[in-house]
There are 2 protein chains.
Amino acid sequence: MRNTLSGLATPIGIIGGMGPHAHLDFEKYLLGTAEHDQDYPSYVLVNASYVADRTTAYHATKAGQLLSQADNPLYGLRGAVITLLRAGCQKICMVCNTAHLWLSHLKEEFPYVEFISIIDTSVQALKKLGAEEVILLATEGTIRSGLYSNALSAAGIVTHIPSIEYQIAINEGIYGDPSQHIGGVKTGDIQAANTRFTRVAYAMLNEIAQRKHKSVQEVIASKRVYLGFFCTEIGVAIDDPTLRAIAVDSTEVLAAAMRQLALENKES
Amino acid sequence: MRNTLSGLATPIGIIGGMGPHAHLDFEKYLLGTAEHDQDYPSYVLVNASYVADRTTAYHATKAGQLLSQADNPLYGLRGAVITLLRAGCQKICMVCNTAHLWLSHLKEEFPYVEFISIIDTSVQALKKLGAEEVILLATEGTIRSGLYSNALSAAGIVTHIPSIEYQIAINEGIYGDPSQHIGGVKTGDIQAANTRFTRVAYAMLNEIAQRKHKSVQEVIASKRVYLGFFCTEIGVAIDDPTLRAIAVDSTEVLAAAMRQLALENKES
């Protein structure tokens, strides 16, 4: 609904900042291209960099520790939702897969908000492509919690989870390790992350190919095995066109869903 | 001030979407790099793509036309300020130089908001560099209104304004011209814009060099003549490192000022 005084009465709301570079990637997809400024979608984004680290919180909870407010992502996420509600947003998404571990809490607390889930959107995209098997590239929190594997199993899709060795490489690509002088997406070192993610993706494709007595090229060409970029910071970094061609990038599919909602808002 | 329930009690506010690609560039500078998500600045951004075109409104007003609400940028800008106020922001900036034509109206209407001006920030940056002359690369609205030339003259800096022919090339680089199949930054064609902006910048540097009986290289090396990227969509496109080395990019300097405010917020 248009409202010239306050722009759009109900802009879509985005919780970004988890991490910041991922939401820049998200916005690039969300904006797309248009002929005039006025044809682009409108939205409000909170760079909620104050949300506690999601994977750390997951591990602590699993280890039986009680989280303080400062260490519990739910408090920051709740704050970001309140900020977006105040700004007039009713359709809200979170540009972070692992944050979706707290989605059910937010839904309970804000029953009148429509949360658009990155998990649902990504699983729908894979079903539409006719995916039979998916390699899960994500944070340890997302993988261990079963956020994706449960939803994919329910959709009849087989999931491949990185070995511990591969997962360590992915963790390093996402977070970096300043004490070891290792850079990652969250520290701004996209190139170092790209090298790690690409190596793991090809190694896992190779293992699947060997099991099927096929070449990696044949597996890729089959269009049955996909890569799931299920951390928003994985799609930021991987630039190999062969890998991208068989990838469902959760950042991109969530942005497409939000773009559609924003443009519907504009027309109504 | 920290407030775990609602994130930061007073996040900085950004009016983006004029155009959208410019604010992505702005956010990249604003975020910078950090070791952890939690070390990045927090902010709220409105993608106010609904704000009417600023240069069109300037021309219409100059031609004595009365603007409708839909054609008057003030209505959209006011809406974006209200959205940011509701979201708890008190320090607000606009990622668009031409929009600053309406800044005095906004200041009058919202006297309790601290608006950080892109003009003031850019002129301060030029003064700090010891600039004596500046080539103004901006929209026609920004140039003709004297937004920069008045402030620069007051600071004792000589301004060079593009000829009509050059300004047309800059306009095309910013807006493109779909009817002529010409792309620009606002339509997503960064490369086409880069070609136009770079050509004009070198041509104007060459004219200054001839007048001084020097080579372009000598003028550049003197560090007395600067390029002012005074439309946020010019810095997005120009990638020539020689030009960037003598440029004050209004997007970058405004982002640096806002980043400082955001990090001060975090610490206090």
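Which strand of chain A does A:Y226 lie in? Select A:Y226 and you'll land in strand β7, which covers residues 225–229 of chain A. Keep in mind that this is a predicted model.

**Stop one: a tyrosine in a strand**

Is A:Y226 buried or exposed? Its relative accessibility is 3%, so A:Y226 counts as buried, the cut-off for that being under 20%. Now show whatever surrounds it. Skipping the neighbours within four places in sequence, A:Y226 is in contact with A:L126, A:L129, A:A131, A:E133, A:V134, A:I135 and A:I246.

Pick A:V134 from that group. Along the chain, A:V134 and A:Y226 are 92 residues apart, yet their C-alpha atoms are separated by 4.8 Å.

**Stop two: a helix pair in chain A**

Select residues 118–129 of chain A for α5 and residues 147–154 for α7. Their axes are 10 Å apart and the packing angle is about 40°, so the two helices are oblique to each other. The crossing is right-handed.

While you're looking at helices, here's a handy rule: an α-helix has 3.6 residues a turn, so residues three or four places apart point the same way.

**Stop three: hop over to chain B**

Chain A superposes on chain B by a rotation of 180° with 0.0 Å of shift along the axis, at an RMSD of 0.0 Å. That is the relation of a two-fold axis. Both copies use the same surface, with 100% of the contact residues of chain A recurring in chain B.

Go to α7 of chain B, residues 147–154, and colour B:L147, B:Y148, B:S149 and B:L152, which are buried in this helix. Then zoom in on B:S149. What is its relative accessibility? The value is 13%, so B:S149 counts as buried. Beyond its neighbours within four places in sequence, B:S149 touches B:L136, B:I143 and B:T159.

Follow the chain just past the end of α7(B) and stop at B:G156, where phi is positive, about 75°.

**Last stop: α8 and α9 of chain B**

Select residues 164–175 of chain B for helix α8 and residues 190–212 for helix α9. How do these two run relative to each other, parallel or antiparallel? They pack at an angle of about 155°, with axes 8 Å apart; α8(B) and α9(B) are therefore roughly antiparallel. Their crossing is left-handed.

To see the contact, show these side by side:

- From α8(B): B:Y166, B:A169, B:I170, B:E172, B:G173 and B:I174.
- From α9(B): B:A193, B:R196, B:F197, B:R199, B:V200, B:A203, B:M204 and B:E207.

Colour them by class and you'll get nine nonpolar, one polar and four charged residues.

Definitions and conventions
Residues numbered from 1 in each chain as written. Chains lettered and ligands numbered in written order. Predicted model: local features only at pLDDT ≥ 70, side-chain atom pairs only at ≥ 80, totals over all residues. Heavy atoms only, no water. Axes fitted to C-alpha atoms, helices over the stretch in contact; angles between N-to-C directions. Helix = DSSP H or I, 4+ residues; strand = E, 2+ residues; numbered from the N terminus. Parallel < 35°, antiparallel > 145°, perpendicular 65-115°, else oblique. Left-handed = near helix turned anticlockwise from the far one by under 90°. Contact = heavy atoms within 4.5 Å. Nonpolar A, V, L, I, M, F, W, Y, C, P; charged D, E, K, R; others polar. Buried < 20%, exposed > 50% of the residue type's maximum accessible area, 1.4 Å probe, protein only. Least-squares fit on C-alpha atoms with pLDDT ≥ 70 in both.
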